[in-house]
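Hello,

Here is the structure I promised to pass on. Please open it first; my notes follow below.

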Amino acid sequence: MTLIEKIKEEIKLNKDDILKTRRYLHEYPEVSSHEYETSKYLKKRCKDLGFIVEDVEGSTGFTALFDTKKPGKTIGIRTDLDALAIDEDIYNLKNKKLVVSKNPGVSHACGHDSHMTVALFAGKILKDLADQYCGKIYLIFEEAEETGAGINPMLDHLKDKGLDAVYGNHQSPGLDVGKFSIKEGPAYAGCGGLDFDVIGKGGHGSRPDKAVNPLIATSHIITALNSAWNNQLDLEKPVSLGIGAINGGSAANVICDRANIKGTLRFFDLEEGKKALEVVKNIADLTARAHGCTVKFHDYTKVVAEPVINDEGLAKKVKESLNSLYEDALIESPKLWISESFYGYSKLCPSIFINFGTKNEAEGKVSDLHTAKFDLDERGIDYALGLAIKFAIDFLKESDR
């Protein structure tokens, strides 16, 4: 039996447990930095496999090590743990869902349940196939990808582990089951957060002349920001601006004393992203002052996530592993403007982050990420699992240290 046949056979043998695991994780989601039961459950599963489990200090995250005891490289396979504060709809876009969250107001609307399942069973099957390679495998279970709270503690934990590569994946409702997107270079955008108050002077609505209305200044700030992109930023290094919330005032005849603006910037060039953030702060400050107001910037106004830049050499190797495993599975797709804390692993070693398809239009499993109707085709997990295993073996077989 060839290696590819062995991988596919192992996935079939574990199929029932794969489905059971994914569905359990889906039914019991936990929001960022509160993944206590999720972490406890996965730690037990890893210990049952004989992996060495280590907690990440000050985090719900942890790592699980399998050492072949044969000298070689070290690879990390990463997953996220958290769900979103979204009340799940029991229906997708066409049908009633197979499983739904049992924790009110929380759901795996980004598919992290599938990522955890891939990582756990990649570890299990790689252990079963340990005669095929040498070296070490770290399963990386990261806290709070959605808020970015878990990445720095995890990087600190991993910095002395001697990692040669870190592999990660994300399911995609835009790709059909069995299809993959693997970008060389920029893959996911960086994110800059915006959260600031425009502070004026409140008053009675009948005498606006005796007040300093922050709503007027706020509207001018937004108008000024929309034109600034054409004048102050490099058009060849695009940065998007998304205003997500404007809050201020509560009554028709009351002029409030402050308003708040929240939003995000997205970018693929880190320095241009930092520049854009300073442009926003400068325009907000100067425009507010022109209207007699001041601005207070909150902690979220910073670079929240850097761009995910895939190592080109690893991307080529993953494509080779994919082509040997599944025929015509690679899809050419654009880089994504959403953000991911996976960017951090490139600070430790070469890293690669790929997308696998979970779309099934006929069954209504096409709703976008972070929506109440989000659902995924579980068959996509089998394909993602196969690629994670095949790439890990190919990478670890390359050469000894």
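Start at Ser-341. Setting aside neighbours within four places in sequence, Ser-341 is in contact with Arg-78, Glu-142, Glu-145 and Ile-151. One of these partners also makes a polar contact: the side chain of Glu-142 meets the side chain of Ser-341 at 2.5 Å. Keep in mind that this is a predicted model. Ser-341 sits in the loop that runs between helix 8 (312–325) and strand 16 (351–359). Is Ser-341 buried or exposed? Its relative accessible area is 3%, and the cut-off for buried is under 20%, so Ser-341 counts as buried.

Next, Gly-364. This residue is in the loop between strand 16 and helix 9. Gly-364 is buried too, because its relative accessible area is 2%, under the 20% cut-off. Not counting residues up to four places away in sequence, Gly-364 touches Asn-92, Leu-93 and Lys-94. Tyr-91 and Gly-364 are 273 residues apart in sequence, yet their C-alpha atoms are 8.9 Å apart in space.

Now the nonpolar cores. In soluble globular proteins, nonpolar side chains tend to be buried together. The largest nonpolar core here has 55 residues. Which members touch the most others? They are Ile-137, Ile-352 and Ile-389. Helix 9 (residues 379–397) gives the most to this core, with 11 residues. Another core lies apart from it and has 23 residues, including Val-198, Ile-261, Phe-267 and Ala-276.

Leaving out residues up to four places away in sequence, Ile-137 touches Ala-64, Leu-65, Phe-66, Ile-75, Ile-77, Leu-126 and Leu-396.

Last, the overall picture:

- The protein has 9 helices and 16 strands.
- The C-alpha trace spans about 85 × 45 × 40 Å along its principal axes.
- The radius of gyration is 24 Å; a compact globule of 401 residues would have one near 21 Å, which agrees.
- Buried residues make up 53% of the 401 residues.
- Of the contacts between residues at least 6 apart in sequence, 83% join residues at least 24 apart.

Best wishes

Conventions
Residues are numbered from 1 along each chain as its sequence is written. This is a predicted model: local features need pLDDT of at least 70, side-chain atom pairs count only at pLDDT 80 or more; totals for chains, interfaces and linings use all residues. Side-chain values use heavy atoms; hydrogens and water are left out. A nonpolar core is a set of buried Ala, Val, Leu, Ile, Met, Phe, Trp, Tyr and Cys residues joined through side-chain atoms within 4.5 Å. Buried means under 20% relative accessible area, exposed over 50%, partly exposed in between (1.4 Å probe, protein chains only). Helices (H or I, at least four residues) and strands (E, at least two) are DSSP runs, numbered from the N terminus. Contact means heavy atoms within 4.5 Å. A polar contact is a pair of N or O atoms within 3.5 Å; within protein, one must be able to donate a hydrogen and the other to accept it, and residues adjacent in sequence count only if both atoms are side-chain atoms. The radius of gyration is taken over C-alpha atoms; the globule rule is 2.2 Å times the number of residues to the power 0.38.
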